[in-house]
Amino acid sequence: MSCHNCGVEHQGRHVNEFEEVELFAELATRLKVAHARVRRLQLPNEAKVALIRRLLVITDAAKHDLADASRRLTKLMNELDAEPASSREAAEA
């Protein structure tokens, strides 16, 4: 497991500070997109709250383990992609 104090590993290799900042920025952008996507979903309030909580857990995980947070976010986005059309994002008007 990696952390701020002991460096970050990405795809099995140690990354330097500049690369770490880039990885944080990439994950932050992906999280922003994910939050926007969840907001647009046509779901019961309870289901939407559960997804938002998952995103918050992923955000918190990013503080300690970028690779784990990235994997979790990818899994969540894949699950959203697999949802039936009835619960997908509302068409923008």
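I count two residues as in contact when they have heavy atoms within 4.5 Å. With that settled, here are my notes on a predicted model.

**Entry 1: the overall layout**

I began with the chain as a whole. I found three helices and two strands, and along the sequence they follow the pattern β-β-α-α-α. I then checked burial: of the 93 residues, 31% count as buried. I also looked up the contacts between residues at least 6 apart in sequence, and 56% of these join residues at least 24 apart.

**Entry 2: helix α2 by itself**

Next I picked α2, residues 45-62, and tested its length. At 1.5 Å a residue, its 18 residues should span 26 Å, and I find the end C-alpha atoms 26 Å apart, which agrees.

Which residues of α2 are buried? My list reads Lys48, Leu51, Leu55, Ile58, Ala61 and Ala62. Looking down the axis of α2, I see these buried residues fall within an arc of 140°, so they line one face of the helix. A reminder to myself: an α-helix has 3.6 residues a turn, so residues three or four places apart point the same way.

On the other side of α2, I noted Asn45, Glu46, Arg53 and Leu56 as exposed.

**Entry 3: what α2 packs against**

The axes of α2 and α3 come within 7 Å and cross at roughly 160°. That makes α2 roughly antiparallel to α3, since angles over 145 degrees count as such. I also recorded the handedness: α2 passes α3 in a left-handed crossing.

Then I listed who meets whom. From α2 I have Leu51, Arg54, Leu55, Val57, Ile58, Ala61 and Ala62. Their partners in α3 are Leu66, Asp68, Ala69, Arg72, Leu73, Leu76, Glu79 and Leu80.

**Entry 4: a closer look at Thr59**

How exposed is Thr59? I find a relative accessible area of 31%, so Thr59 is partly exposed.

Which residues does Thr59 touch, leaving aside neighbours within four places in sequence? I found Leu31 and His35. I also checked the spacing between Thr59 and Leu73: they are 14 residues apart in sequence, and their C-alpha atoms are 9.1 Å apart in space.

Note on methods: Residues are numbered from 1 along each chain as its sequence is written. This is a predicted model: local features need pLDDT of at least 70, side-chain atom pairs count only at pLDDT 80 or more; totals for chains, interfaces and linings use all residues. Side-chain values use heavy atoms; hydrogens and water are left out. Helices (H or I, at least four residues) and strands (E, at least two) are DSSP runs, numbered from the N terminus. The expected span of a helix is 1.5 Å times one less than its number of residues. Buried means under 20% relative accessible area, exposed over 50%, partly exposed in between (1.4 Å probe, protein chains only). The arc is that of the directions from the helix axis to the C-beta atoms. Axes are lines fitted to C-alpha atoms, for helices over the stretch in contact, and angles run from 0 to 180 degrees between N-to-C directions. Angles under 35 degrees count as roughly parallel, over 145 as roughly antiparallel, 65 to 115 as roughly perpendicular and the rest as oblique. A crossing is left-handed if the near helix is turned anticlockwise from the far one by less than a right angle, and right-handed if clockwise.
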